[in-house]
Amino acid sequence: MKTLVVKVSPNARQSQILGWADHPDHGTHLRIQLAAPPVDGKANKALIAFLAKEWKTAKSNIQLHKGETSRFKRLRIPREIQLPPA
């Protein structure tokens, strides 16, 4: 497993991966827009479902490690997942 930092923007028109960005506190992270609202963990579930579909893997292979209520989240993903180029 490897760790991936993502920044999630909920309530978007559609779910999509925007690309990579840098942040002074969180480092290089993947920016993602989600159509789900940030209510009762719906955005977290939608994030995992969206990424599993994008990467063609099971939802159980993607784990939310940190950041349940934050826009910045740390995910644990399998090493064989090919991330978009930076």
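Student: Where do the charges sit on average? How far apart are the mean positions of the positive and negative ones?

Tutor: The mean positions of the 15 positive and 6 negative charges of the chain are 3 Å apart. Lys and Arg count as positive, Asp and Glu as negative, while His and the chain ends are not counted. Each charge is placed at NZ of Lys, CZ of Arg, CG of Asp or CD of Glu.

Student: What kind of model is this?

Tutor: This is a predicted model, where local features need pLDDT of at least 70, side-chain atom pairs count only at pLDDT 80 or more, and totals for chains, interfaces and linings use all residues. Residues are numbered from 1 along each chain as its sequence is written, and side-chain values use heavy atoms, with hydrogens and water left out.

Student: OK, what elements does the chain have?

Tutor: One helix and five strands. From the N terminus the order is β-β-β-α-β-β. These are DSSP runs, numbered from the N terminus: helices are H or I with at least four residues, strands are E with at least two.

Student: How much of the chain is buried?

Tutor: Buried residues make up 30% of the 86 residues. Buried means under 20% relative accessible area, exposed over 50%, and partly exposed in between (1.4 Å probe, protein chains only).

Student: And the largest nonpolar core, how many residues?

Tutor: It has 17 residues. A nonpolar core is a set of buried Ala, Val, Leu, Ile, Met, Phe, Trp, Tyr and Cys residues joined through side-chain atoms within 4.5 Å. Those with the most contacts inside it are Val-6, Ile-32, Leu-47, Leu-51, Trp-55 and Ile-62.

Student: Which elements give two or more residues to it?

Tutor: β1 (2-9), β3 (27-33), α1 (42-54) and β5 (72-77). Helix α1 gives the most, with six residues.

Student: What does Leu-47 touch?

Tutor: Val-6, Val-8, Ile-32, Leu-34, Lys-73 and Leu-75, not counting residues up to four places away in sequence. Contact means heavy atoms within 4.5 Å.

Student: New topic. Is Asn-44 buried or exposed?

Tutor: Asn-44 counts as buried because its relative accessibility is 11%. Asn-44 lies in helix α1. Leaving aside neighbours within four places in sequence, Asn-44 is in contact with Leu-64, Glu-68 and Lys-73.

Student: Where is Gly-41?

Tutor: In the loop between β3 and α1. Gly-41 has a relative accessible area of 28%, so it is partly exposed.

Student: How far is Gly-41 from Lys-73?

Tutor: They are 32 residues apart in sequence and 13 Å apart in space, C-alpha to C-alpha.
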